[in-house]
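Please read the points below with the model open beside you, and check each one against the structure as you go.

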Amino acid sequence: GVKWIGEIPNHWEAIKISRVHPIIGSGTTPLSSREDYYSEKGLNWLQTGDLNNGLITETSKKITPKAVDECKMKFYPIHSVVIAMYGATIGKVGLLKIKSTTNQACCVLGNSDKVFMKYIFYVMQFAKNHLISNSYGGGQPNINQDMIKNLRIPYPNLQEQEKIANYLDDLNEKIYKTSKGYQTQIDRLKEYKNILINQAVTGKIKIY
């Protein structure tokens with residue numbers, strides 16, 4: 001009965017995200033003019049530019065405890081799923097492997113004992129096109145927290161969720177290894193091409 005999902009097994013459910021995740025939130029951006037709010041050795045502050053549809057192990061910018069306190073910023077726990085709501089990265093997803101605060105363009109689904117979070121991480125990548133198709137705004141589309149909260153997604157039982165996530169992890173690893181092998185071949189061909197160009201333009205090989 002959920003058009004964007006299509007057919008799913010009878011024993012699965014299609015449930016609104018808000019019914020499963022007790023913590024759904026966002027963040028803010030401390031004033032950039034306040035030098036005392038930012039520090040290279042500070043606390044994690046996640047921006048949508050840090051999202052790459054993968055694991056989040058570090059943030060490109062850090063903030064000070066003063067910024068956290070004065071801007072009333074919230075830290076989200078490890079295993080939370082983060083979705084970019086607008087900008088060039090709209091719809092991109094990340095899975096936190098670190099505790100972090102975020103900016104206001106991130107929507108965070110906090111860890112829940114009702115779901116296997118790696119499964120939700122993959123589901124939200126699947127949901128990207130649907131969310132963007134329902135976005136609003138002019139030149140740059142936007143989605144918001146309410147759209148994410150009201151999104152119905154497929155929920156098998158916990159055991160099946162874990163199996164699906166593990167299967168996709170293994171598939172990703174195989175794809176990565178295969179692409180790495182091809183990239184090595186491509187790099188070698190590029191190097192050979194450069195050698196041939198050098199030899200051709202310096203008369204080291206006869207081409208006529």
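**Notes on the predicted model**

1. Ile17 has a relative accessibility of 0%, and therefore counts as buried, where buried means under 20% relative accessible area, exposed means over 50%, and partly exposed lies in between, with a 1.4 Å probe and protein chains only. This is a predicted model, in which local features need pLDDT of at least 70 and side-chain atom pairs count only at pLDDT 80 or more, while totals for chains, interfaces and linings use all residues. Residues are numbered from 1 along each chain as its sequence is written, and side-chain values use heavy atoms, with hydrogens and water left out.

2. Where does Ile17 sit, and what does Ile17 touch? Ile17 belongs to the loop that lies between strand S1 (13–16) and strand S2 (24–25); helices (H or I, at least four residues) and strands (E, at least two) are DSSP runs, numbered from the N terminus. Not counting residues up to four places away in sequence, Ile17 touches Ile24, Leu109, Met124, Ile148, Lys149, Leu151, Ile153 and Tyr155, a contact being heavy atoms within 4.5 Å. The C-alpha atoms of Ile17 and Gln161 are separated by 15 Å, although these residues are 144 residues apart along the chain.

3. Ser80 counts as buried because its relative accessibility is 0%. A polar atom of the Ser80 side chain lies 2.8 Å from the backbone oxygen of Pro77. Leaving aside neighbours within four places in sequence, the residues in contact with Ser80 are Gly94, Leu95, Leu96, Val108, Leu109, Gly110, Asn111 and Met117.

4. In what order do the strands of the open sheet of 5 strands lie? The order is S2-S9-S6-S7-S4, and the pairing is mixed; two strands pair if DSSP finds at least two bridges between them. The edge strands of this sheet are S2 and S4, each of which pairs on one side only.

5. S6 pairs with strand S9 (residues 106–109) in the antiparallel sense over 4 bridges, and Ile83 stands opposite Cys107 in S9. S6 is also joined to S7 by 3 bridges, and these two strands run antiparallel, with Gly94 in S7 as the bridge partner of Val82. Strand S4 (residues 54–56) and S7, by contrast, run parallel and are joined by 3 bridges, with Leu96 in S7 as the bridge partner of Ile56.

6. Strand S3 (residues 38–46) and S8 run parallel and are joined by 2 bridges, and Leu46 stands opposite Thr102 in S8.

7. With a disulfide taken as a pair of cysteine sulfur atoms within 2.5 Å, the count comes to 0 disulfides. Cys71 is partly exposed, with a relative accessible area of 25%, whereas Cys107 is buried at 0%.

8. Finally, consider the whole chain, whose secondary structure comes to 5 helices and 10 strands. The radius of gyration is 22 Å, well over the 17 Å that the globule rule gives for 208 residues, so the chain is more spread out than a compact globule; this radius is taken over C-alpha atoms, and the rule is 2.2 Å times the number of residues to the power 0.38. Of the 208 residues, 36% count as buried. Among contacts between residues at least 6 apart in sequence, 71% join residues at least 24 apart.

Conventions
Polar contact = N/O pair within 3.5 Å; in protein donor to acceptor, adjacent residues only side chain to side chain.
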